[in-house]
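Thanks for making the time this morning.

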Amino acid sequence: MSSTKSIDPTHTSSVLLDDMDACLVAFDKNCDGSLNYQEFKELSKALFKDPTGQTYPVKDQILKEIFEIFDKNGDGQIDRNEFCFCWYNWIKTIVKPISALLVIDVQNDFICGTLDIRNCSAKHNGEDVVGPINDLLDSVDFDAVFYSYDWHPEDHVSFIDNIHLRKLHESTPVKSEEAKVYDTVVFDGDPPRSQKLWPRHCVQNTWGSELYKDLKVVDNAVKIYKGTNPEVDSYSAFWDNSKLTDTKMEAQLKSRNITDVYVCGIAYDVCVGATAADAIVSGFRTILLDDCCRGVDLLDIEKTKENIVKNHGIMATSEEVPDLIKGNDRRPELGYKLALNLSKRI
């Protein structure tokens, strides 16, 4: 019988990638036709590896939770039928992910226009994201690429110069005549709606709403327009802030069988962070690209990172993307997230 020490059941050059039974046999040390927890643990050591072939450490508590997800009947064994589901929906996805790049709001107004983020507290330069994003698009063969646009009508609720167009709720912390850019007010309504005030930006069909001139735009990319409802702001490229309107981003990703989304752009702690958070909720393995994002507030950027990691997304740099996409870098955090998603289907 083959030794598990010499077999990587997920290596793309191995016959085992296309042979579920061979993988099961390789790790079924007691030859009973199923995997107990210890045998599954050995398989996981072969599965969760970095690009150098070193095994990522995984806490026993997490591995046991994953094991129990695939042990559908709870008998302490993953039998062949249970392993079949694990193989086709978990192992093969980890080894051969289907990946999309989401480029969020790399538009003129955020780089050198009315909401130039260099004027915000973090003092970031939005133009810094263009080079690494272009390098990714030149060097990595994503299965799909999406560009999102802030796409506001003239009377949009987020513009500070439109504050007089709507009645403020009595609970608002700032009155209309006292409001300043970046203040938060509460507009009247059912229910009342909290709104951060921004300079007028990314008005539909203006220079400020166009993608930045030096950003590479690939053929067959999908364009997503958000913030089109004058009464509701929209940070995420999936939903508006009140979850009233779906941009169809999720449906378009799922129609392409996307498993992994790489999120980048402007602003890190606003639209990028909201998009990454919604990607996780929508069931995608989510990778936030640190060097391809620039933001508004340093503290909020750190909170964004913490939120993504806490919810089983990961932080990465553009240099790490090729190995992640090829399945050479198999992070346990993403495997755990995928198992949690699958638990809802079992």
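Two strands are said to pair if DSSP finds at least two bridges between them, and strands (E, at least two residues) and helices (H or I, at least four residues) are DSSP runs, numbered from the N terminus. With that in hand, strand β6, residues 260-266, and strand β7, residues 285-294, pair in the parallel sense over six bridges, and Val263 has Leu288 in β7 as its bridge partner.

Before I go further, a word on the source: this is a predicted model, in which local features need pLDDT of at least 70 and side-chain atom pairs count only at pLDDT 80 or more, while totals for chains, interfaces and linings use all residues. Residues are numbered from 1 along each chain as its sequence is written, and side-chain values use heavy atoms, with hydrogens and water left out.

Now the whole sheet. It is an open one of six strands, with parallel pairing, in the order β5-β2-β1-β6-β7-β8, and its edge strands, each pairing on one side only, are β5 (222-226) and β8 (314-316). From one strand to the next the twist averages 25 degrees. Helix α11 lies across β7 and β8 and runs at about 135 degrees to β7, where axes are lines fitted to C-alpha atoms, for helices over the stretch in contact (heavy atoms within 4.5 Å), and angles run from 0 to 180 degrees between N-to-C directions.

Which residues of helix α6 are buried? With buried meaning under 20% relative accessible area, exposed over 50% and partly exposed in between (1.4 Å probe, protein chains only), the buried residues of α6, which spans 130-139, are Val130, Pro132, Ile133, Asn134, Leu136 and Leu137. Their cover includes β1, α5, β2, β6, β7 and α10.

Turning to the backbone, most residues other than glycine have a negative phi, and most peptide bonds are trans. The bond from Asp190 to Pro191 is cis, with omega near 5 degrees, and Pro191 sits in the loop between β3 and β4. Another cis peptide bond joins Ile266 and Ala267, with omega about -5 degrees, and Ala267 lies in the loop between β6 and α8. As for phi, Tyr182 has a positive value near 80 degrees in the loop between β2 and β3, and Tyr182 is partly exposed at 32% relative accessible area. Asn257, in the loop between α7 and β6, has a positive phi of about 60 degrees and is exposed, at 53%.

Finally, the pockets. On a 1 Å grid over the protein atoms alone, a cavity is a set of points where a 1.4 Å probe fits but cannot get out, whereas a pocket is an open set with protein on both sides within 12 Å along at least five of seven lines, and lining residues have an atom within 4 Å of a point. Grid points are joined across faces, edges and corners, and a volume is the space filled by probe spheres set on the points.

The largest pocket holds about 410 Å³ of space; it is lined by 20 residues, of which Ile258, Gly283, Leu338, Asn341 and Arg345 are the closest to its centre. Helix α11 supplies the largest share of that lining, four residues. The second largest pocket holds about 330 Å³, and of its 18 lining residues the closest to the centre are Tyr235, Asn241, Asp269, Val270 and Ala274. There α8 gives the most, with four residues.
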